[in-house]
Amino acid sequence: MTALTPDGIRYVQRVNLPSPFHLRWLIPYLCRDESTRWDVAAWAGFAGLIVGTWGLIGGWAGVAAALLVAVLPSVRFGLTHRVLVDLSALGLATLSAALWVHGWTVPALVLAVVAGMAKESAPIFAALFAWSPFLLVGMVAPLVIHLSRTRGPDTLGEHHAWILAHPVQASRQYHAGFLSTLDPRLVLPWGACVVALAAPSWQLAAVLTAAYAQLAVATDTVRLYQQAAPVVAVAAVTAVPWQWWPVLVVVTAFNPLRGDGI
């Protein structure tokens with residue numbers, strides 16, 4: 001099995017998980033402690049993310065946007081640390097949004113609910129990617145679990161238990177000086193995707209706000225804010241002529257300041 005992160009250890013345990021991991025039951029239930037299943041789930045999520053990103057805009061612009069997403073450091077991290085739910089949830093959310101954009105209402109709503117079973121934030125991103133509040137119906141999945149399932153204690157030690165019990169304080173400790181000084185690492189891992197800011201929209205602003213807001217209650221950084229990737233990539237390719245699309249992909253793929261994706 002691939003090297004396990006603290007989150008991965010919790011997902012493999014599956015039973016009696018602490019909040020918010022108890023809400024993310026679907027992928028751990030399906031994969032259990034089988035390495036091959038986690039590999040399939042991660043790669044299937046990656047495929048859903050790529051196809052969904054392409055579907056948001058379609059055509060060659062969609063291909064360029066999908067390639068931009070594929071080479072981001074957070075996605076690379078998800079593919080090398082496959083015992084996580086991030087890629088699966090984001091893939092489901094992006095596919096749900098793409099289906100909604102193309103008028104496939106019922107499948108989009110179903111996928112939004114399934115995405116909510118994978119991770120509690122996924123329906124929010126699905127709604128933002130599709131720019132439609134209807135996909136927030138997926139929030140019924142984590143709500144039901146929240147009301148019906150008892151949270152367990154954290155078994156990874158006192159420090160990890162403290163992080164879960166005090167997420168805001170933990171964020172301040174892990175991000176000390178990171179947010180207040182506008183550390184370049186808040187932007188540089190995006191690579192050439194930063195040109196998305198040349199095509200501003202309310203949707204782009206809302207997606208980025210939601211993605212970066214997670215940093216206030218978590219210890220990770222890049223793999224959280226780059227959950228905005230599908231909309232950021234679409235904005236990036238619409239901000240420049242098509243001749244520049246290969247340049248965007250190459251610069252992002254070989255960005256020396258991309259970091260480790262965490």
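The buried residues of helix H12 pack against helix H8 (122-130), H13 and H14, where buried means under 20% relative accessible area, exposed over 50% and partly exposed in between (1.4 Å probe, protein chains only). Helices (H or I, at least four residues) are DSSP runs numbered from the N terminus. This is a predicted model, in which local features need pLDDT of at least 70 and side-chain atom pairs count only at pLDDT 80 or more, while totals for chains, interfaces and linings use all residues. Residues are numbered from 1 along each chain as its sequence is written, and side-chain values use heavy atoms, with hydrogens and water left out.

**Helix H12**

- Helix H12 spans residues 202-213 and, with 12 residues, reaches 16 Å from its first C-alpha to its last, close to the 16 Å expected at 1.5 Å a residue; the expected span is 1.5 Å times one less than the number of residues.
- The buried residues in H12 are Leu204, Val207, Leu208 and Ala211, and, seen down the axis of H12, they fall within an arc of 95°, so they line one face of the helix; the arc is that of the directions from the helix axis to the C-beta atoms.
- On the other side of H12, Trp202 and Thr209 are exposed.

**The loop between H1 and H2**

- Pro20 has its place in the loop between helix H1 (6-13) and helix H2 (26-31), and a cis peptide bond with omega of about 5° joins Ser19 and Pro20.
- Arg14 lies in the loop between H1 and H2 and has a positive phi of about 70° although it is not a glycine; Arg14 is partly exposed, with a relative accessible area of 29%.
- Asn16 is also found in the loop between H1 and H2, with a positive phi of about 60° although it is not a glycine, and at 46% relative accessibility Asn16 counts as partly exposed.
- Most residues other than glycine have a negative phi, and most peptide bonds are trans.

**Buried residues and the nonpolar core**

- Tyr11, in helix H1, is buried with a relative accessible area of 1%.
- Leaving aside neighbours within four places in sequence, Tyr11 is in contact (heavy atoms within 4.5 Å) with Phe21, Arg24, Pro28, Trp38, Val83, Leu84 and Val85.
- The C-alpha atoms of Tyr11 and Cys31, 20 residues apart along the chain, are separated by 9.2 Å.
- Gln227, in the loop between helix H13 (222-225) and helix H14 (229-239), is buried with a relative accessible area of 7%, and its contacts beyond four places in sequence include Asp86, Lys119, Phe125 and Gln214.
- Of the 69 residues in the largest nonpolar core, Ile27, Leu68, Val75, Leu135, Trp190 and Val232 touch the most other members; such a core is a set of buried Ala, Val, Leu, Ile, Met, Phe, Trp, Tyr and Cys residues joined through side-chain atoms within 4.5 Å.
- Leaving aside neighbours within four places in sequence, Leu68 is in contact with residues including Cys193, Ala233, Val237 and Leu248.

**The largest pocket**

- About 810 Å³ of space lies in the largest pocket; on a 1 Å grid over the protein atoms alone, a pocket is an open set of points where a 1.4 Å probe fits, with protein on both sides within 12 Å along at least five of seven lines, and lining residues have an atom within 4 Å of a point.
- Of the 33 residues that line the largest pocket, Asp7, Phe21, Val217, Ala218 and Thr219 are the closest to its centre.
- The largest share of the lining of the largest pocket, 4 residues, comes from H1.

Terms used: Helices (H or I, at least four residues) and strands (E, at least two) are DSSP runs, numbered from the N terminus. Grid points are joined across faces, edges and corners, and a volume is the space filled by probe spheres set on the points.
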